[in-house]
Amino acid sequence: MAIHTLVLIRHGEASASWGEHIDPGLSNNGKKQAEKLIETFSEENLENFKFISSPKLRAIETGQPLAMNYNKDLKIQNEFSEIPSEKIPNDKKQNWLREVMSQDINTLPEEVKSWQDNIINALSSINSDAVIFSHFMVINAIAASVLGNSKLLYFYPDYTSCSRLLVKDNQIKQIILGDDKKTLINL
């Protein structure tokens with residue numbers, strides 16, 4: 001019986017909101033949050049963990065300090081990128097996301113359903129311990145799938161919150177959700 005852990009880390013605070021910039025890096029506060037992950041994981045040995053990141057700059061910048069601390073490279077994996085919204089004009093993204101988050105999963109646009117399926121398939125293909133740096137909606141899509149939620153939105157992961165999945169024989173057996181966001185969602 002093969003058992004491994006997947007740690008899902010939401011990126012740190014971005015320098016611009018989701019609707020303002022297509023791929024912002026981290027704010028100064030976000031950089032501090034990323035650095036603090038070294039302290040957060042100081043009691044754990046991540047030597048045998050793979051380090052995976054969304055291709056988005058804020059996720060990469062969040063993962064770099066911890067990966068460097070363990071002398072690891074960040075493997076970029078597109079499946080852990082944000083919810084697909086390229087066709088949505090920036091000034092309409094916030095309303096679109098609110099609508100999608102509140103919709104029943106069965107009525108989601110096909111590209112959003114496919115995005116969620118691709119995330120779950122990517123998780124299934126990881127057969128060792130891994131740390132994954134990703135996004136608010138990716139973590140929600142995973143939680144909703146694992147817990148059988150009828151909507152994509154399950155909780156509000158805070159910046160650099162860490163959720164964990166225990167995987168046994170390629171099936172997710174346990175999910176431990178990270179810290180809930182205490183501030184307004186930065187869309």
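This passage describes the overall fold of a predicted model and then an aromatic cluster within it.

The protein comprises 5 helices and 6 strands. Read from the N terminus, these elements follow the order β-α-β-α-β-α-α-β-α-β-β. The radius of gyration is 16 Å, close to the 16 Å that the globule rule gives for 187 residues, so the protein is as compact as a globular protein of that length. Along the principal axes, the C-alpha atoms fill a box of roughly 40 × 40 × 25 Å. Of the 187 residues, 48% count as buried. Among contacts between residues at least 6 apart in sequence, 68% join residues at least 24 apart.

The surface was examined next. The protein exposes about 9,500 Å², and carbon and sulfur atoms supply 46% of this area. Charged side chains number 20 positive and 24 negative, with the centres of the two sets lying 2 Å apart.

The structure also holds 3 aromatic pairs. In one of them, Phe51 and Phe133 are stacked, with 6.5 Å from centre to centre and 25° between the planes. This pair links distant parts of the chain: Phe51 belongs to strand β2 (residues 50–53) and Phe133 to strand β4 (residues 130–134), and the two are 82 residues apart. Phe51 has a relative accessible area of 2% and is therefore buried, the cut-off being under 20%. Phe133 is likewise buried, with a relative accessible area of 0%. Together with Tyr70, Phe51 and Phe133 form one aromatic cluster.

Methods. Residues are numbered from 1 along each chain as its sequence is written. This is a predicted model: local features need pLDDT of at least 70, side-chain atom pairs count only at pLDDT 80 or more; totals for chains, interfaces and linings use all residues. Side-chain values use heavy atoms; hydrogens and water are left out. Rings of Phe, Tyr and Trp (its six-membered ring) pair if their centres lie within 6.5 Å; planes under 30 degrees apart count as stacked, over 60 as edge-to-face and the rest as tilted. Helices (H or I, at least four residues) and strands (E, at least two) are DSSP runs, numbered from the N terminus. Buried means under 20% relative accessible area, exposed over 50%, partly exposed in between (1.4 Å probe, protein chains only). The radius of gyration is taken over C-alpha atoms; the globule rule is 2.2 Å times the number of residues to the power 0.38. Contact means heavy atoms within 4.5 Å. Accessible areas come from the Shrake-Rupley method with a 1.4 Å probe; for residues, only the protein chains shown count as cover. Lys and Arg count as positive and Asp and Glu as negative; His and the chain ends are not counted. The place of a charge is taken as NZ of Lys, CZ of Arg, CG of Asp or CD of Glu.
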